[in-house]
Amino acid sequence: MSTSDPNKLITKADKLTKLSFTRWTADWKSATVLYEQAANAFRLAKDYEKAKTAYEKASKGQEMLSSPWDAAKHMESAAALAKELSNWREVADFYRRASELYIECGRPQPASDALAKGARALEDTVPEEAIQLYTDACTVLEEDEREQMAFDLYRAATNVYIKLEK
């Protein structure tokens, strides 16, 4: 199946998630597997735009299957591809969503790490957004009473402030 055309995998997965007269419930389990296969195939083919979309859909599928950890992992993959495509708004949005999903499954450290990854990706191009992501990452750790783990994040945010001469 993995040697199939990834476009066909996406089409088949989309059909499994659409309701019709003959399908009264969406088959997210099968669709998510197809989205994941398509995302990997697109990534190998270096078609990053389609791979990013496939990872977004795989993330949605994992959410529908009540698996926020896997959904967050796919969202981080989509964010990495958005970075490759220099789509900075999506980079921030995807890493924020990944962080929310990690928090949903009770994992504040990976949530903070996801925000920090987004901030590092945006430091040179959108420094104001990077500072906000660093601040949010620190807040996540502080809310979990892990202030000592936020030291590097504070330093990174300060370095961005210094680069901006603020």
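Start with the big picture: the centres of domain 1 and domain 2, taken over C-alpha atoms, sit 30 Å apart. Keep in mind that what you're looking at is a predicted model. In the domain assignment of the protein chain, domain 1 covers residues 1-66, and domain 2 takes in residues 95-165.

Now let's look at a pair of helices. Find α7, which runs over residues 127-143, and α8, which spans residues 151-163. They pack with their axes 9 Å apart, at an angle of about 160°. Angles over 145 degrees count as roughly antiparallel, so that's how α7 lies relative to α8. As for handedness, α7 and α8 cross in a left-handed way.

Who does the touching here? From α7, the contact uses P127, I131, Y134, A137, C138, L141 and E142. From α8, L153, Y154, A156, A157, V160 and Y161 join in.

Next up, charged pairs. The structure has 13 salt bridges. One to look for is between K52 and E90, whose side chains meet at 2.7 Å, N to O. This pair ties together distant parts of the chain, as K52 and E90 are 38 residues apart. You'll find K52 in helix α3 (residues 48-64), while E90 belongs to helix α5 (residues 88-104).

Methods:
Residues are numbered from 1 along each chain as its sequence is written. This is a predicted model: local features need pLDDT of at least 70, side-chain atom pairs count only at pLDDT 80 or more; totals for chains, interfaces and linings use all residues. Side-chain values use heavy atoms; hydrogens and water are left out. Domain bounds come from an automatic or database domain assignment. Axes are lines fitted to C-alpha atoms, for helices over the stretch in contact, and angles run from 0 to 180 degrees between N-to-C directions. Helices (H or I, at least four residues) and strands (E, at least two) are DSSP runs, numbered from the N terminus. Angles under 35 degrees count as roughly parallel, over 145 as roughly antiparallel, 65 to 115 as roughly perpendicular and the rest as oblique. A crossing is left-handed if the near helix is turned anticlockwise from the far one by less than a right angle, and right-handed if clockwise. Contact means heavy atoms within 4.5 Å. A salt bridge is a side-chain nitrogen of Lys or Arg within 4 Å of a carboxyl oxygen of Asp or Glu.
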